[in-house]
Each structure stands twice: as C-alpha cells, then as structure tokens.
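Here is a protein chain to explore. Take a look at the sequence and the 3D structure, then read on for a short tour.

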Amino acid sequence: LTQLFRPLDMLGMVYRTIRQGLIDMAEMFRLIDTQVEVPDRPSAPALAIREPSVTFENVVFGYEPDRTILKGLSFHVPAGHNVALVGPSGAGKSTIARLLFRFYDPLEGRILIDGQDIREVTQASLRAAIGIVPQDSVLFNDTIGYNIAYGRDGAGIADVEAAARGAALMPLIERLPQRFDTEVGERGLKLSGGEKQRVAIARTLVKNPPILMLDEATSALDTRTEKDILGTLQRVSRDRTTLSIAHRLSTIAGSDRILVLNEGRLVESASHGELLAQRGLYAEMWARQASEAEDLDEAAE
Ligand code: ATP
C-alpha cells in the first residue's frame, strides 16, 4: 500500500509547488523527474525583500555523491544588476538556477537573497520572488488570457492586459477574434515559438517578481523575432535583478557582468569588453561562435 501512496504524495508535492508559484510545466516535469523534496523549516518566515541581491557563498553541490558539479562557487549579483551565466555545456549553469529555486540544497555553502539564507525562508515566498522565463514554454489548452493570468493567483483582466502590453503581445491579441478569450494550444490557435515566448514573458510580468531568471531559448527563432524578443526581455529586466543563462554569447554582451563557468568553477567574471581583453575562455568561446556564424552566413549564400 505504501507503494501506492508514494506517487500520490509526489503528486501532492508537485501540486503544492505549482500553487506556490511555479508556473512552468516544463519545470514541473523536471521536478517529477528529480523526485526531491526539500522541506520548509518549521515556522520559517517569508523572504522579506528590500534589495533583491543574489549571493552564492562557496556553494558545493552534486546530484550524486561521487560527482561534484559545483565546486565551491561564489558570486554576488547586486540588486537591479543584470548578470549572465555562460560556459560550456554541462558546466553547471542550469544547476545554479535549480539551486536558486531550491529544488535542491547545496552540500556546502549558502545561497542568499537580500542577505537571507534561502533555506531559512518559506519556499512559497522564495518562488514568488523569482520569475522564470524558460527556454520552451508550455501552454495550457485554455484561453490566452488564462495562460497569462496563471502567473499569479487572483490576477484580473487589467493585470493581464498590462502584462500583455509589456510583453508586446497586444498586436497579436488585437488580431484575434475573441481577444484574450481565444483558445490556444492543441485544441485552439497554434502560436509560433516567438509568440509562446511572449506569453511566458507576460506570465512573468503578471507575477511581477523582483528577481528574473532567463533561460535563453535554444529552439530556433528567426533572427528578427529573436532580436524583438531580446528587446522585450531587456525592457522587462531593466528594474529587476536578472540572471540570464545564455548559449549564444551575442545575446548577453550588454550584461553588467558575465560569469564564465567551467567544470563547476567560476573561471572569469567581468564585462564583455574586459573578458575579450583577457583572452581567456570567454574570448575563445566568442571567437568560435563568431566563426560559426560566418560559416552559417557563407552556407546561406
Ligand atoms: P547546458 O549548457 O548543456 O544546458 P549546463 O551548464 O546548464 O549545460 P547543467 O544542466 O547544470 O549544465 O548540468 C551540469 C552537470 O550536472 C552535467 O554533467 C549534467 O549531466 C549533470 N546533471 C544535471 N542534472 C542532473 C540530475 N538530475 N542528476 C544527475 N546529474 C545531473
């Protein structure tokens, strides 16, 4: 019988996590996969944010006991700054996002938001403070309005409209016969990759979190759409503390600071211009991506 109840427990946990502000289905499936439950400390207070800074202090973490992924990672993102995480595949970029969202606890070290250890506060308040714009957003088979309002319990039509405006979705909404009441997804209107990204941005705007976590889309958007979306994201992140996980370096060259990870360690940390001058790993990655882009251009001619 206990065998039977375990999955039900899991579902309950997943459901609660969603209610607590986790808004992305892809994350939910990832959560089911990982099957970890990090409990709240009894009588834990809510996170109280005045200055939404993010600090990693000597964070050591591995998914399995004999394989350390983050090997003593320290960095500080001051409130309102825009910091990008780059590094080779498998370097640990997404792991940092998972730890900040507290899907796992570090084995050693601490993660702080506005000076508060995230282990000491409720997960509901932690997850309400962080908005994720994921790589590939999943939409519910419901109206476009519902899909946006889902960002926050109790969001009204005025909030949804303001968010759609902020995410530059209004031109689309205005073309739709039933505007926000138009059904989308499998059973309704199919949205393009770029439009789905905008819905994800609008969801995040409804949530209005002080901290943003952007996971750059790996799915191919055409160059024009990608530029437009990037512009929207830059506008949305202006007054928020933002961590961006980037694969294409061209999208993050304007960040306040770029953290370069390699094999679980921070190997470089500076602005784009400074990193190019240092001629290290970042400069090497930049040169490689530039020559790949040239190859693509030549192939297209
Ligand atoms: P990419 O750029 O390819 O997305 P990344 O830098 O985001 O890579 P992570 O996803 O953080 O890398 O993964 C870091 C390492 O941790 C990888 O070697 C990966 O195989 C491993 N890893 C990730 N998730 C798990 C898991 N749930 N269980 C075990 N190992 C994992």
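A salt bridge here is a side-chain nitrogen of Lys or Arg within 4 Å of a carboxyl oxygen of Asp or Glu. Glu-174 is exposed, with a relative accessible area of 52%, while Arg-179 is partly exposed at 32%. For these labels, buried is under 20% relative accessible area, exposed is over 50%, and partly exposed is in between (1.4 Å probe, protein chains only).

A quick word on the ground rules: residues are numbered from 1 along each chain as its sequence is written. Since the model is predicted, local features need pLDDT of at least 70 and side-chain atom pairs count only at pLDDT 80 or more, while totals for chains, interfaces and linings use all residues; side-chain values use heavy atoms, with hydrogens and water left out.

How many salt bridges does a search of the whole structure find? It turns up eight. One of them joins the side chains of Arg-41 and Glu-120, at 2.6 Å from N to O. That pair links distant parts of the chain, 79 residues apart: Arg-41 is in the loop between helix H2 (25-34) and strand S1 (54-61), and Glu-120 is in the loop between strand S5 (116-117) and helix H4 (123-129). Helices (H or I, at least four residues) and strands (E, at least two) are DSSP runs, numbered from the N terminus. Both ends have some cover: Arg-41 is partly exposed at 36%, and Glu-120 is partly exposed at 35%.

Arg-102 and Asp-105 also meet through their side chains, at 2.7 Å from N to O. Is Arg-102 buried or exposed? Arg-102 counts as buried, at 3% relative accessibility, whereas Asp-105 is partly exposed at 24%.

## The sheet and its helix

Arg-102 follows helix H3 and has a positive phi, near 60 degrees. H3 itself (residues 93-100) is mostly covered, with seven of its eight residues buried. Among them are Lys-93, Ile-96 and Leu-100.

Now for the strands. Four of them form an open sheet in the order S2-S1-S4-S5, with antiparallel pairing; two strands count as a pair if DSSP finds at least two bridges between them. S2 (70-77) and S5 stand at the edges with a single partner strand each, so one side of each has no neighbour in the sheet. H3 packs on this sheet, touching S1, S2 and S4 (108-113), and its direction makes about 110 degrees with that of S1. Those axes are lines fitted to C-alpha atoms, for helices over the stretch in contact, and angles run from 0 to 180 degrees between N-to-C directions.

S1 and S2 are joined by six bridges, and Phe-56 has Phe-75 in S2 as its bridge partner.

## Inside the protein

Phe-56 turns up again in the largest nonpolar core, which has 34 residues; Phe-56, Leu-100, Ile-130 and Leu-243 have the most contacts inside it. A nonpolar core is a set of buried Ala, Val, Leu, Ile, Met, Phe, Trp, Tyr and Cys residues joined through side-chain atoms within 4.5 Å. A second, separate core has 29 residues, including Ala-149 and Met-170.

What about the chain as a whole? Of its 301 residues, 48% count as buried.

Technical notes. Contact means heavy atoms within 4.5 Å.
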